[in-house]
Amino acid sequence: MNRADFPVLVNHPKLVYLDSANTTLKPKAVIDAVHTYYADCGANIGRATYRLAEQATSAYDAARHQTAQFIGAAPDEIIFTHSTTYALNQAAWGLRSTLKSGDIILLSDHEHNSNIIVWQQLAAQTGARLAYLSDQPPLKNVKILAFTLASNITGQIFDHSKLISDLKKTGAIIVIDAAQAISKMPLNAAQLGADLLAFSAHKLYAPSGVGVLYANLETQARLTPLVYGSQTFAAISRQNTQLLSNFERFEAGTPNIEGALGLAAALKYLNQISMAKVQAHDQALVTYALSQLQKYRLDQYLVGRPRCQVGVLSLNHPRIHPHDFALFLDNANIAVRAGKACSDILMQKLGLGRGVVRLSFGLYTTKSDIDKFIAGYRKTMERLDG
Amino acid sequence: MDKALLSEIVYRYKFPKHRSHRAKGRAYHAENLSCGDIITIYLQIEKGYVKSASYTGQLCSIASFGAELLLDKLIGQPISSIPSSADLLGASGASLLKNPVRLKCFELAQLALKNHSPL
Ligand SMILES: Cc1ncc(COP(=O)(O)O)c(C=O)c1O
């Protein structure tokens, strides 16, 4: 796809950016949308009644509609937050009153720290117990299942549909972390069985500071807001506030308006390409990367061999430190993530105390980027281990 | 990072002067929790002077470099203070001094001594 659409790549023509799982670069259309909001509108949403404010409000509403459409949801199922982390916090703390001592919060063994720590805190405060899928806890006590749809380390796509349908029968709430999956494939939140689903705009070619929590209406009704403030209520008196019953009660205060408009521009950009093509591009890169790693016998260093994965791959060399790879790759203008990549629990389980070297793909990634990565990886091996 | 500095780092990584498994003296230990690197420095101090020094550990090239330069500076000298990164790196280390994440690696050896002051 088109590198020319991404100003960072235009401004750094030699850059090989293989860190899209960390954050994606932004197409010009997204940067323009943010600029246009500030240059042509600038007003706050939801409050004032002059035309510029109405323009801002309707653009923000349109962003919510587009976001909903992108995941096969209705606009009132979309809660704008600041990030996946914030969305997962809203999900977790919002469910606090539904938990009691002895309940189980079930996580997969592949979670990002953002989808672990908050549940640990919630468990500690409610007397619920945290369990991981590998613990095989009794399902009857599971009240919440929270898992990532795609691993930020191995790229593995997880299909927990059987578990989800078993748990749904017992009334458990299903929370899906779609931070990695969202930019990689067409998604439908309800079809996945999600009651709550979280993702960040910045991993979807849009600005940072915007996240999304999809919440179906049934779950939304059980959810308590994480933050209170203006624009959330139907009536207010000196002692009490009657909160709105819809998504608005979760969006107190002025949101990241320009970020949401940037997200709308990113979704438009992606829809113009089509998510099916985005997925095909990502899968072609995975196939190519795996074949090249095999060709140069680097596949022995791969962490995990999922049968089904997105464009995220991690390597673990037995002797060379991930940070050393990152240092030498950086000197060759190749940007990768090195270390535990916010997945400390998985790293402990895999015995990878120093983490991994992770390469991850985006719309702008080319086969030549992968070739350059492999050349850089091999050269680092020669220099440090030769 | 500066190419000359990188070459120096690689050279000391491949041909370390002070990395040794013959531990002599008191051990000083530090760990970088974020990346799992560990170092143990062994110092033999006599009459206030560092008579011998060596280190072992699981270290990235920059952390090894930090240990190498630190021990270069300490051996044979009175143990009065722990040199700073700027002292150890000098002008040629500017690109590392400006990188706070990797400077933490470089300073792991210094941290080991600061943790359990030999002064
Ligand atoms: C799987 C997964 N979950 C959650 C997050 C947290 O996202 P954010 O930092 O945007 O809140 C990330 C980011 O790396 C991720 O990869």
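A: Taken over C-alpha atoms, the centres of domain 1 and domain 2 of chain A sit 28 Å apart. Domain 1 of chain A is made of 3–18 + 274–385, while domain 2 covers 28–272; such bounds come from an automatic or database domain assignment. Before going on, some housekeeping: this is a predicted model, where local features need pLDDT of at least 70, side-chain atom pairs count only at pLDDT 80 or more, and totals for chains, interfaces and linings use all residues. Residues are numbered from 1 along each chain as its sequence is written, chains are lettered from A and ligands numbered from 1 in the order in which they are written, and side-chain values use heavy atoms, with hydrogens and water left out.

Now the domain interface. On the domain 1 side of chain A, 33 residues are in contact (heavy atoms within 4.5 Å) with 30 residues of domain 2. Together the two domains of chain A bury about 2600 Å², with 61% of that coming from carbon and sulfur atoms; buried area here is the accessible area (1.4 Å probe) that two parts lose on being put together, summed over both. Of the area that domain 1 of chain A buries against domain 2, 24% is down to Met275(A), Val310(A) and Leu346(A), more than any other three residues supply.

As for charges, two salt bridges cross between domain 1 and domain 2 of chain A, a salt bridge being a side-chain nitrogen of Lys or Arg within 4 Å of a carboxyl oxygen of Asp or Glu. Asp109(A) and Lys349(A) pair up in a salt bridge at 3.9 Å, N to O. There are also 16 residue pairs in polar contact between domain 1 and domain 2 of chain A, both residues at pLDDT 80 or more. A polar contact is a pair of N or O atoms within 3.5 Å; within protein, one must be able to donate a hydrogen and the other to accept it, and residues adjacent in sequence count only if both atoms are side-chain atoms.

Which elements carry the domain 1 side of chain A? Helix H9 (275–295), strand S11 (312–315) and helix H11 (344–350) each supply at least two residues of it, where helices (H or I, at least four residues) and strands (E, at least two) are DSSP runs numbered from the N terminus. That side of domain 1 of chain A splits into 19 nonpolar, eight polar and six charged residues; Ala, Val, Leu, Ile, Met, Phe, Trp, Tyr, Cys and Pro count as nonpolar, Asp, Glu, Lys and Arg as charged, and the others, Gly among them, as polar.

Then there's the neighbouring chain. Chain A puts 14 residues in contact with 19 of chain B, and the two chains bury about 1400 Å² between them, 50% of it on carbon and sulfur atoms. One salt bridge is counted between chain A and chain B: Arg354(A) with Asp37(B), closest N and O atoms 3.7 Å apart.
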